[in-house]
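The following note sets out points for a colleague reading this entry. Please consult the sequence and the coordinates alongside the remarks.

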Amino acid sequence: MNHATDKQPAPIKKSKMNIRQKETIHGLLFISPWVIGFLIFTLYPICSSLYYSLCEYQVIKDPVFIGFDNYKTLFHDKTFLKAMSNTFYMVILGVPITTFIAVTVSIMLNNKKLHYTGPFRIVFFIPTLVPTVVACLLWIWVMQPETGIVNKLLGYIGIKGPGWLSSMFWSKPALILMMIWTCGNAIIIYLAGLQDIPGSLYESAALDGAGFIRQTISVTIPLLRSTLLYNMVTLIIGVFQWFAEPYIMTNGGPDNQTMFYSLYLYQNAFSYFKMGYASAMAWVLLLIALAIILVLFKVFRFGESDY
């Protein structure tokens, strides 16, 4: 008598795909707070500002779609054009001057022949720790025409100092001086970049008869270009976002000489309640900053090896 053998079902094994799916789910759960925060607090405001830039929106009323009228109005707004020129003044003059001084100080502090460079590094870095409001009040006092330290020092050598922050000509250079005073972070980063340059390159250059200046031009600056690019990009972005300093020290005066882009954007948004107009300004700012940064990437050959 033949008995049919009953086949036992094989045990179900967990596939690798199921394990991967579980790991994916767990990973998504872990990053979900950040994703939710990004969607609500970053992506949604970005998309909203793009929509509002195409609308007449005064906060207390519903936005009314007007197309590109806000963008057209911008380039007929004399205050906007003045704010744009002031900002480009700082980008064209302030950024290169600050960069030159920061690099020069970094090279000096990196010189092993000099003694006591450690305390000097601390001295240059301390101003970056001062809160912005305190720094602004300090510089208002320093730049006083009669009692300020700067004009007193100039008086010792027979020069009558101007009324820095109230002068049509000297108000922006006064802010450049403050920018230089707070470049300690850049100096520390340049020092780190300088210490990555092999000493053998300087030895080879010295054997070829290159002096200090020639070594700086032919060895230091080319091998420091990635650090230069980083610091210049962050400094330019900082200039385009410059708000607290001109707001506290001059409030855009005298006669809009220190009316910078972000300050005028703030005034349109929160003083005049022209949110649509301010949103258009923000998107123009984004495009201008992006264009400048792309040019810098090209000039400094971003992505290419330093060696």
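Does the distance between the end C-alpha atoms of helix α3 agree or disagree with the span that its 32 residues should have?

1. The distance agrees, because at 1.5 Å a residue the 32 residues of α3 (residues 78-109) should span 46 Å, and the end C-alpha atoms lie 45 Å apart. The expected span is 1.5 Å times one less than the number of residues; helices are DSSP runs of H or I of at least four residues, and strands are E runs of at least two.

2. This is a predicted model, in which local features need pLDDT of at least 70 and side-chain atom pairs pLDDT 80 or more, while totals for chains, interfaces and linings use all residues. Residues are numbered from 1 along each chain as its sequence is written, and side-chain values use heavy atoms, without hydrogens and water.

3. Leaving aside residues up to four places away in sequence, Thr-87 touches Val-239, Phe-240, Phe-260 and Tyr-261 (heavy atoms within 4.5 Å).

4. Overall, the protein contains 14 helices and two strands, and 37% of its 307 residues count as buried. Its C-alpha trace spans about 125 × 70 × 35 Å along the principal axes.

Conventions:
Buried means under 20% relative accessible area, exposed over 50%, partly exposed in between (1.4 Å probe, protein chains only).
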